[in-house]
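Take a walk through this fold, from the sheet to the ligand and then out to the loops. Keep the structure open as you read.

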Amino acid sequence: MKITGTTLRQHRQTLGLSQAKLAEIADIPQHMLSAFELEKADLPMHVLNAVSNALANSEKVTAVVKRAKRYRDHKYAEVQKLPERVAKATRTNENAVYTQALKNIYSAHSSAQEKPLSALSLFSGCGGFSLGFSAAGFLVKGFLELEDDLRKIYKLNFPNSVEIGSDITGITQESLASAAKTLGGIDVIIGGPPCQGFSLSGKRDVSDPRNELFKHYLRFVDVFRPKFAVLENVRLLTSMKNREGGFVKDDICNEFTKHGYRIEYFEVNAKDYGVPQHRERVLFVAVRDDVCVIPSLPNFTHGDGGDMFSSLSPLRTFADACSDLPYIESGEKSNLPLHEAVKHPMHVIDWLWDVPQGFSAHDNKDPSKRPPSGYNTTYKRQVWNEPASTVQTTFGMISGCRNVHPIATRSLTIREAARLQSFPDEYLFSGSLGSVRTGIGNAVPPLLAYNIALHLKKFL
Ligand SMILES: C[S@@+](CC[C@H](N)C(=O)[O-])C[C@H]1O[C@@H](n2cnc3c(N)ncnc32)[C@H](O)[C@@H]1O
């Protein structure tokens, strides 16, 4: 029987096995298991085999299920704000430059000046991709997003953008035609169907629901016939294969070609465009066949600076994004909106308290100060003077991958994650904190989107 995320979760729960414990006995990272169970990603065959073998080992499963929790009661206590730590969080010169750049993006977006070009946003999330395009002079005429809370955030920031619908699969040809009539011409369609929206079956099985999202994206392309389409996705997509052994990225390119577009894909890292974060993504740029432009992306603006003749600015760092924010420890609030720290249990603070920047609690010499399971990318501190690690939707969880502040002993606040993702402080967020974290973690960094939009604008 084929193992799906849902069947695995059900089987694991029947055995009374937590996700962390299954990850431990299969010796795989828990985040892979979590993504698979949420049906957000597939597992490579060797990992799937490791999971099957672990589940088949009933002796080990029973032993792990029976094992008492090391920390049954979570005790919380106030954490000392040490002056020497506060002093380490020094403000960088670039911080003022960066925060001003974000302010400029926001004012260009909200300016009353007429925007000469137009865009349509699909899979809009909380609006990161759209914000960059809007700031570069594109009127985002319409949008579409599945999640209620994210749609609300989007509407708060793009009140004049027409909400085309929620679930793209429920948009009928009639409502698509009517949206085209309402919106008129569109220069660029932006958006990235989530990963599982790409068929891995290779057989073009129309009943495979994973085919749906990309197929629906192309329905919009067929109706609006924009000059450009830009798709963003995780870089992992470039190595994903369909069951016939072909690459999913090639399937995407072939489909666009069939629909009358020239297309190229580019692997990018957001840090090369001034975003203070390592964020590896793939961008597909499609150009309508009758438009005489070669699909391309803008040149990098930032780089390592190893070459003295380089015109690139130095890579931006965690400190460049966040060093003006008040220093807070676990459980503390500041008077800045969304700059509020999650309160962590004392034993976790204890594991992490003396962990140096760039290291994990798993690296502690004293075994009693190491988390009971997991990889050393979890419970890991970021580095103040380096670009931040990829912001994910789980950035509020101290147990997640590289979510610990470089100096304070806590996970990242929403304001910090928003800054690292290049959202201006003026951008409005609403709804549950969970939805806000999801929106921010999934977004295309507005500054990256802005650079792409300025580049395409040259050809329009
Ligand atoms: C990677 S996020 C997009 C982030 C967005 N580009 C931004 O910059 O903020 C993908 C979005 O697609 C939405 N989505 C997933 N399935 C969908 C569907 N069937 N119809 C419409 N939206 C969908 C998800 O809710 C999620 O917000």
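How many of the seven residues of strand E2 (residues 138-144) are buried? Five of the seven are, so strand E2 is mostly covered. Buried means under 20% relative accessible area, exposed means over 50%, and partly exposed lies in between, with a 1.4 Å probe and protein chains only. Helices (H or I, at least four residues) and strands (E, at least two) are DSSP runs, numbered from the N terminus.

This is a predicted model, in which local features need pLDDT of at least 70, side-chain atom pairs count only at pLDDT 80 or more, and totals for chains, interfaces and linings use all residues. Residues are numbered from 1 along each chain as its sequence is written, and side-chain values use heavy atoms, with hydrogens and water left out.

Start with the neighbours of E2. Strand E1 (residues 117-122) runs parallel to E2, and six bridges join the two. Two strands count as paired if DSSP finds at least two bridges between them. Leucine 120 has glycine 142 as its bridge partner in E2. Serine 121 stands opposite phenylalanine 143 in E2. From E1 the chain crosses through helix H8 (residues 128-135) to E2, and this β-α-β crossover is right-handed. A crossover is right-handed if, with the strands pointing away from the viewer, the path from the first strand over the helix to the second runs clockwise.

Now look at strand E3 (residues 162-165). Three bridges join E3 to E2, and these strands run parallel. Here glycine 142 stands opposite valine 162. Helix H9 (residues 148-157) belongs to this step: E2, H9 and E3 make a right-handed β-α-β unit.

Go back to E1. E1 also pairs with strand E4 (residues 188-190), in the parallel sense, over three bridges. Leucine 120 has isoleucine 189 as its bridge partner in E4. How many of the six residues of E1 are buried? Six of the six are. In a regular strand the side chains alternate between the two faces of the sheet. On one side of E1 sit Leu117, Ala119 and Ser121, and on the other Ser118, Leu120 and Leu122. Both faces are covered.

Next comes the ligand. Which of the 20 residues around the ligand come nearest? They are Phe129, Glu145, Asp167, Ile168 and Val444. A residue is near a molecule or strand if one of its heavy atoms lies within 4 Å of it. By class, the shell has 11 nonpolar, six polar and three charged residues. Ala, Val, Leu, Ile, Met, Phe, Trp, Tyr, Cys and Pro count as nonpolar, Asp, Glu, Lys and Arg as charged, and the others, Gly among them, as polar.

Look at the backbone atoms around the ligand. A backbone N or O atom of serine 124 lies 3.3 Å from a ligand oxygen atom. A polar backbone atom of glycine 128 is 3.1 Å from an oxygen atom of the ligand. A polar backbone atom of isoleucine 168 is 2.9 Å from a nitrogen atom of the ligand. Taken alone the ligand exposes 600 Å², and the protein buries 88% of that. Accessible areas come from the Shrake-Rupley method with a 1.4 Å probe; for residues, only the protein chains shown count as cover.

Move on to helix H12. Its buried residues are Val248, Lys249, Asp251, Ile252, Cys253, Glu255 and Phe256. Just after H12, glycine 260 takes a positive phi of about 90°. Arginine 235 lies in the loop between strand E5 (228-234) and helix H12 (248-258). Is arginine 235 buried, exposed or partly exposed? At 33% relative accessibility, arginine 235 counts as partly exposed. Arginine 235 and leucine 283 are 48 residues apart in sequence, yet 8.6 Å apart in space, C-alpha to C-alpha.

Finish with backbone angles. Most residues other than glycine have a negative phi, and most peptide bonds are trans. Aspartate 27 is not a glycine, yet has a positive phi of about 60°. Aspartate 27 sits in the loop between helix H2 (19-26) and helix H3 (30-37). Aspartate 27 has a relative accessible area of 57%, so this residue is exposed.

Leucine 338 also is not a glycine, and has a positive phi of about 65°. Leucine 338 is found in the loop between H13 and H14. At 25% relative accessibility, leucine 338 counts as partly exposed. Leucine 325 is found in the loop between helix H13 (318-322) and helix H14 (346-352). Leucine 325 has a relative accessible area of 9%, so leucine 325 is buried.

Technical notes
Polar contact = N/O pair within 3.5 Å; in protein donor to acceptor, adjacent residues only side chain to side chain.
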